[in-house]
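Hello,

Here is the structure I promised to pass on. My notes on its salt bridges follow below.

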Amino acid sequence: MFYWLSTYSRAALSLAGIAIAGLAVWLAVTSTGNIAIGQLQQTTQARLALYESTLRAAVDQYRYLPYVVSRNHEVIDIVSGNGTADITNRYLQKVNERSGAAALYVMDETGTTVAASNWNTTDSFLGNDYSFRPYFTEAFAGQEGFFYGIGVTTGRSGLFISHPISENGKIIGVVAVKLELDELEQNWRGGGETVFVSDADSVIILTSRSDWKYRTIRPLTVTERDRILRNRQYSGQELLPLPMNENPSGEDDIVKIGKDQFLFGVKSISGSDWNLFY
C-alpha cells in the first residue's frame with residue numbers, strides 16, 4: 001500500500017514536473033513572442049516617422065512656389081489681361097526648371113490656363129479649363145489647394161498645390177504647381193518594405209506595392225464615387241478594395257491582405273487628410 005502511494009507520488013510529481021516544464025516553455029515562447037511583437041511595434045513607429053519625414057520633405061520643398069509666383073507682377077498682369085503670354089510662359093518655364101516640379105501654371109477666374117511652364121510641349125496646359133478641379137475652387141475661395149489625382153491632360157498622377165492670385169484685395173486667378181512623386185515611390189520599393197499612403201476616401205495613392213495603387217482599404221460609398229468621378233480624380237481606375245479580412249483602424253495591430261498577414265501601424269499626416277500605413 002505504502003509502495004503504491006510512493007509510486008503514485010513519484011508519478012504525480014513526474015507529471016507535475018512535465019506540466020511545469022511545459023508551462024515554462026509556453027511562457028518563455030509567449031514572452032519571447034510578446035517581446036518580438038513589442039520590438040516590431042517600436043520599429044513600426046520609427047519607420048512611420050521616417051517615411052512621413054521623407055514624404056513631407058518631397059512636398060514641402062515645392063509648397064512655397066505657388067505663393068511666390070502669385071506675387072509676380074507678370075503673372076498678375078497676364079491674369080488681369082494686361083500682360084504678355086510669351087513673357088509669362090518663359091518666366092514660369094525658368095522657375096519650374098529650377099525647382100524641378102512637373103509643371104507650373106496660371107489660371108484666370110474661369111479656371112482657364114493662361115500661362116504655363118510647359119507652353120511649348122505636346123501636353124501643354126495652355127487653354128485648358130481646370131475649373132472642375134478642387135485645387136482651383138479651393139484657391140479661388142482664398143485657401144491653399146491640395147489635391148492628388150491623375151492629370152486629365154498628361155494621364156500621369158501627381159499632387160497639385162495651388163494659391164490664389166490677388167490684385168487690390170480681390171482674387172483674380174489661381175497659380176498651381178504639379179509634383180510627380182514617382183521617385184519617392186521608387187525609393188520606397190527599393191527599401192523592400194510595405195508602406196502606402198491613402199487619401200481622405202481611403203484610396204491608396206502612394207505605395208511601395210505597385211499592384212496596390214488605386215486600390216482602397218474599404219469599399220467606397222456611392223457619394224464618394226460620384227465626387228471622384230465629377231472631379232475626374234482617378235480616371236480609368238476601378239478603385240477596387242484590397243482583399244482584407246478587416247479594415248485597418250489603428251486599434252488593431254494585425255491585418256490579413258490576400259494570403260499575407262501583416263503587423264501594421266498607421267499615422268495621420270499633419271496638414272493633410274492623408275494616412276500613412278507601414
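Is D86 buried, partly exposed or exposed? D86 is partly exposed, at 40% relative accessibility. Here buried means under 20% relative accessible area, exposed means over 50%, and partly exposed lies in between, with a 1.4 Å probe and protein chains only.

Some background on the model. It is predicted, so local features need pLDDT of at least 70 and side-chain atom pairs count only at pLDDT 80 or more, while totals for chains, interfaces and linings use all residues. Residues are numbered from 1 along each chain as its sequence is written, and side-chain values use heavy atoms, with hydrogens and water left out.

The search of the whole structure gave eleven salt bridges (a side-chain nitrogen of Lys or Arg within 4 Å of a carboxyl oxygen of Asp or Glu). Three of them are described here.

D86 pairs with R90, with the closest N and O atoms 3.2 Å apart. The two are four residues apart in helix α4 (residues 85-99), so about one helical turn separates them. Helices are DSSP runs of H or I with at least four residues, strands are runs of E with at least two, and both are numbered from the N terminus. R90 is also partly exposed, at 45%.

E193 and R47 form a salt bridge at 2.7 Å, N to O. This pair links distant parts of the chain, 146 residues apart: E193 is in the loop between α6 (182-190) and β6 (196-198), and R47 is in helix α1 (residues 2-63). R47 is partly exposed, with a relative accessible area of 25%.

E180 bridges to K178, the closest N and O atoms being 3.6 Å apart. K178 is buried at 1%, whereas E180 is partly exposed at 28%. Shared partners join D123, R156, K178 and E180 into one network of salt bridges.

Regards
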